[in-house]
Amino acid sequence: MDELTKRFLKAKFQSHYKNLDLQMPPSFTSREWGFISFDPMPDVVMKRHKYFGSFNEVSEYLIGMAPAHVYYSVAYYDMPGAPRMDQKGWKGADLIFDLDADHLPGAKMTYSDMLDHVKAESLKLADFLIDDFGFSENNIELVFSGGRGYHFHIYDDKISQLDSAERREVVNYISGRDLDFKFFFKEVAMVGDTGSGSKEFMGRRGKIPTKWVLEGHENGWGKRIANYVTDYLRTESQKEKKEMFKDLKENKIAGDTTLKKLAEYAADESVLDDILEKGRLDFDVKGFKNIIEYIVQKTVAEFGVDAGASVDEPVTGDIKRLIRFPGSLHGGSGFEVQTLSLEQLPGYDPLTDSLAFGDKPTKVRIQRPFSFSLNGQEFSVVEGNIELPEYAAVYLMCRGVANYGY
């Protein structure tokens with residue numbers, strides 16, 4: 001990035017901040033702020049331990065300095081501007097989730113595909129936060145990071161004092177890590193005339209009959225397993241006979257006799273209703289424990305948030321982390337770090353909706369071949385001079401693919 005390009009980008013970012021309707025995070029005067037400037041690039045120099053005492057101070061700094069990246073702390077401090085962390089006086093921290101496509105393994109994906117994957121994981125996370133943890137949507141702020149993913153900010157006094165280990169436990173739960181099927185698949189006594197555990201059942205004495213049940217089928221992971229089991233059985237029962245339960249056969253989990261009997265249960269809607277409503281899993285089929293263990297593993301893969309590939313676990317566990325400021329611009333893309341509601345997420349397209357600049361023709365010098373998609377258009381550029389819409393030109397300059405003017 002040459003000096004002319006830096007000056008151009010600073011001017012464009014400054015224009016953005018002049019017109020930005022700033023929305024401050026809660027207790028912003030108790031937070032540390034940090035910034036990365038265009039000036040030293042390509043070197044990345046973080047200027048942190050900054051404190052603002054008013055709305056106007058934040059606005060004036062952003063307009064005056066036009067930084068490439070803007071961050072604030074998830075933590076609240078007594079003295080947020082203190083130069084050393086041990087001098088700040090930690091008071092608490094928001095619960096943060098950073099879902100980022102940077103952590104996707106191996107296989108090559110387009111930028112658009114990566115964003116779609118992270119969006120799907122974000123929708124799963126929203127389900128956990130509301131249904132399992134009981135957070136109100138009013139306490140959840142969802143933000144497109146301006147880069148490759150989404151940030152979830154949870155503002156709630158009940159979680160502000162959680163330590164790092166407790167926050168990592170939350171990640172373990174939403175990912176289904178170490179989920180043990182034995183916890184859910186349990187043998188219990190049949191309910192007798194005088195209550196469960198009695199020595200009498202329907203007039204019989206002695207050994208009380210038992211049944212297998214799905215523990216906790218009403219909520220949380222138990223409910224997800226119940227839903228997956230019923231969907232799985234129903235789907236398999238509707239296939240042609242030779243294709244039915246093919247995965248159980250291939251993985252040598254069950255034989256033909258067992259699968260024939262399982263197919264009879266799967267075709268019975270009353271059996272499926274009992275799974276959802278009562279957690280009943282007392283199927284008289286050989287090796288049913290192994291089948292349920294397999295299905296639980298499939299449930300985790302289907303419903304668990306991908307902690308290894310999407311959730312940046314150290315961010316959630318870090319109680320002094322700096323996170324991007326919503327409304328700011330991402331200096332690596334030129335996109336706006338944008339707040340959106342949970343209802344907006346399914347239809348949100350960051351490659352269109354987060355664009356901060358218009359389509360004014362802008363001259364740039366391309367440094368290397370590059371293909372990308374923005375605003376519903378496909379671009380493929382090669383080394384040399386070209387005129388592009390301003391949003392595309394800014395994107396390439398921020399990515400280091402182009403310099404301004406010719």
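**A sheet, a helix and a core**

Strand β7 (residues 140-144) and β16 run antiparallel, joined by 3 bridges. Two strands count as paired if DSSP finds at least two bridges between them. Strands (E, at least two residues) and helices (H or I, at least four) are DSSP runs, numbered from the N terminus. Across from Val143 stands Thr339 of β16.

A quick word on the model. It is predicted: local features need pLDDT of at least 70, side-chain atom pairs count only at pLDDT 80 or more, and totals for chains, interfaces and linings use all residues. Residues are numbered from 1 along each chain as its sequence is written, and side-chain values use heavy atoms, with hydrogens and water left out.

Now the sheet. What is the order of its 4 strands? It is β6-β8-β7-β16, in an open sheet with antiparallel pairing. The edges are β6 (95-100) and β16 (338-340), each pairing on one side only. Neighbouring strands are turned by 25° against each other on average, direction ignored. Axes here are lines fitted to C-alpha atoms, for helices over the stretch in contact; angles run from 0 to 180 degrees between N-to-C directions. Helix α3 (residues 111-132) packs on this sheet. It touches β6, β7 and β8 (149-154), and its direction makes about 15° with that of β8. Contact means heavy atoms within 4.5 Å.

Look at β6. It pairs with β8 in the antiparallel sense, over 6 bridges. Asp98 has His151 in β8 as its bridge partner. Is β6 buried or exposed? Mostly covered: 6 of its 6 residues are buried. Buried means under 20% relative accessible area, exposed over 50%, partly exposed in between (1.4 Å probe, protein chains only). Leu95, Phe97 and Leu99 are on one side; Ile96, Asp98 and Asp100 are on the other.

Phe97 turns up again in the largest nonpolar core. Such a core is a set of buried Ala, Val, Leu, Ile, Met, Phe, Trp, Tyr and Cys residues joined through side-chain atoms within 4.5 Å.

Follow Leu396. Beyond its neighbours within four places in sequence, its contacts include Ile366, Phe370 and Val401. Leu396 is also one of the buried residues of α13. Helix α13 (residues 390-399) has 9 of its 10 residues buried, so the rest of the structure largely encloses it. Next comes Gly400, with a positive phi near 80°.

Ile366 takes us to strand β17 (residues 361-366).

Thr299 lies in helix α10 (residues 288-303). Its relative accessible area is 0%, so it counts as buried. Its side chain reaches the backbone oxygen of Ile295 at 2.8 Å. Lys50, in strand β2 (residues 46-50), is partly exposed, at 26% relative accessibility. Gly81 is 31 residues away along the chain, yet the two C-alpha atoms, of Lys50 and Gly81, are separated by 5.2 Å.

Terms used: A polar contact is a pair of N or O atoms within 3.5 Å; within protein, one must be able to donate a hydrogen and the other to accept it, and residues adjacent in sequence count only if both atoms are side-chain atoms.
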